[in-house]
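Here's a quick briefing for anyone meeting this structure for the first time. Have a look at it, then read on.

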Amino acid sequence: MGKLREAAIGFLFLTVLLSTPQAAIAQTPEESHKNKPSDLPRLADGHPNLQGLWHNESGYQAALKNLKGGGGLAVALGDFHSAGVPLPFPYWPITKQIQEYRDLHDPYHDPEAHCHLPGVPREIEQPSSLFPFRIIQDEKYVVILYEYTHDVRIIPEDGSSHPQHYWAWDGDSRGHWEGDTLVVDVTNFNGRTWLDMEANFVDENEHVVERYTMTSPDTITYAATVEDPSVFTKPWTMELELKRNPAKDQIVYYDCHEGERDVEHYPKSEGNAANPHD
Amino acid sequence: MILATALTIAACPGPQNTGARVNDPATGSYSPPRLSDGAPDFRGIWQAQGTAYLNIEGHPAEVGVRASPSVVIDPADGKIPYRPDARRKQTQNYQSRLTTDPAINCFQAGVPRAILLPAPFQIFQSAGNLAIVYTDNHSYRIVLSPSIPHDDGIDFFMGDSRGHWEADALVIDVTDLGDQTWLDAAGNFHSDQLHVVERYTLLGPNTMKYEATMTDPKIYMRPWTLRVLLFRDRRSSARIVEDECIDGPDGVWHHISPFDPKAVLHHDYPAELASERNHP
């Protein structure tokens, strides 16, 4: 992806963040048509054919380096894990204190350590093709089958609304197409998920808009804009590139049952730290 | 790539029948609607009825369990043809089922148990692709082409599935199931040698016949077959909802409905921070 492309996406984020989603629609077809749309595989309904096995080769950390501030400016980060540079998530002071405290003292609170579903956008985290995911798509649905912890996201494209009184680890996803970009609106989170192993977190007010833009038959640009007014002062956006796995690859079913045994091995003071009802 | 296109086309009359919902006057059999590649269209949300999930074999009424005949169609006596020592093990499983059923630990159900459960599953299908997504424990199976070898030597809770078409029936060959799952809640079980052949046959727009033949020479005297009917959830609002287990304070895992207000954790951040600092 060239610098011009990055700049264009940065502009698109700015547009998303400063305008209504409807206003952003007008930008998308023009944007995606820069990607030689005639080269993309397509289904009978004309949409890009996203089907196949994909992985995030750049990794989540790299994606977070591309974290865009609420003003649409790219924030250049070092390796925050080794350098200890705090992420520029736009926390409120109190939520920042909680993140810092948990990162230091309560890493075992990480829901993924207890085999829970990772939520969105964390599911895309899977490092360097270790955990790919398969997309199956028809005119009514996109379904994403993740190797990691046999997570599944079913994304209806029927114009239906999010449910009421429904709270889930992965939220509720509804999709639509803006030109050649699959846009997935995700709400209805349960307030329990973390964004990464550094205790960055979201709560039940999280709202994600994901954009899957096929840039070649073997690459998809993934962008997620996350807003959560009770955790963050303003929305932020991350992006990364998804690459198609070699044709011989397949999902090796993954299961996670470490949870309750894991807890037993924690220091007593951590006890049932996993239990959100404690 | 998945269900090989050559196979789907070879086995089917052709794409001209797309959308057809007629009974074949010659055979009286149902001719299902088809995808663009000619494959019968199995898409939708389906669910078994009955109590086979509690006990595949015939069983009397108990507290919370309706009496039911066996869903085993072969052998004709409706009994799973266990080897004698395996039947004794099944009896032990039954007696200890409230504490030893693998499902209690939120393990994935396995095959064919996942199909029998009183929870819907959804079939996703496109030309050359088929996946089954179960409500229970967000399990799924991707049905690959037989041209891709089984991952022999690696066991999975939901096995390793290879599909092909026999006329309009979807036939799935399942291996690598391991020995960590039961077949139902009555302790009917298998070893890591289990080999399941499933046959899915559409009987009408909203009804499907499901048959599974189990072969496991370590446990059964001979292969045996069960049959249940699956019914389509016709509501336009029907959805597979997230089903996740939560580890409770007593170390016991339990499913929590995303429609349960307890599913959501509301936050009081100042109180949480104070609480965490008081209990480092």
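Where in chain B does B:Asn137 lie? This is a predicted model, and in it B:Asn137 sits in the loop between E6 and E7 of chain B. Let's start there and then take the rest by topic.

- B:Asn137 isn't a glycine, yet its phi is positive, near 60 degrees.
- With 22 other C-beta atoms within 10 Å, B:Asn137 counts as buried, because the cut-off is 20 or more.
- A:Thr149 isn't a glycine either, and its positive phi is about 50 degrees.
- You'll find A:Thr149 in the loop between strand E3 (141-146) and strand E4 (152-156) of chain A.
- A:Thr149 is partly exposed, with 17 other C-beta atoms within 10 Å.

**Cis peptide bonds**
- In chain A, a cis peptide bond links A:Val120 to A:Pro121, with omega at about 5 degrees.
- A:Pro121 is in the loop between helix H6 (93-105) and strand E2 (133-137) of chain A.
- In chain B, B:Asp74 and B:Pro75 are joined by a cis peptide bond, with omega at about 10 degrees.
- B:Pro75 belongs to the loop between strand E4 (72-74) and helix H2 (84-95) of chain B.

**Chain A as a whole**
- Chain A has 7 helices and 9 strands.
- Of its 278 residues, 45% are buried.

**Where the chains touch**
- The contact involves 51 residues from chain A and 44 residues from chain B.
- On the chain B side, H5(B) gives the most, with 6 residues.
- That side of chain B splits into 25 nonpolar, 12 polar and 7 charged residues.

Note on methods:
Residues numbered from 1 in each chain as written. Chains lettered and ligands numbered in written order. Predicted model: local features only at pLDDT ≥ 70, side-chain atom pairs only at ≥ 80, totals over all residues. Helix = DSSP H or I, 4+ residues; strand = E, 2+ residues; numbered from the N terminus. Buried ≥ 20, exposed ≤ 12 C-beta atoms within 10 Å, placed from the backbone. Contact = placed C-beta atoms within 7 Å. Nonpolar A, V, L, I, M, F, W, Y, C, P; charged D, E, K, R; others polar.
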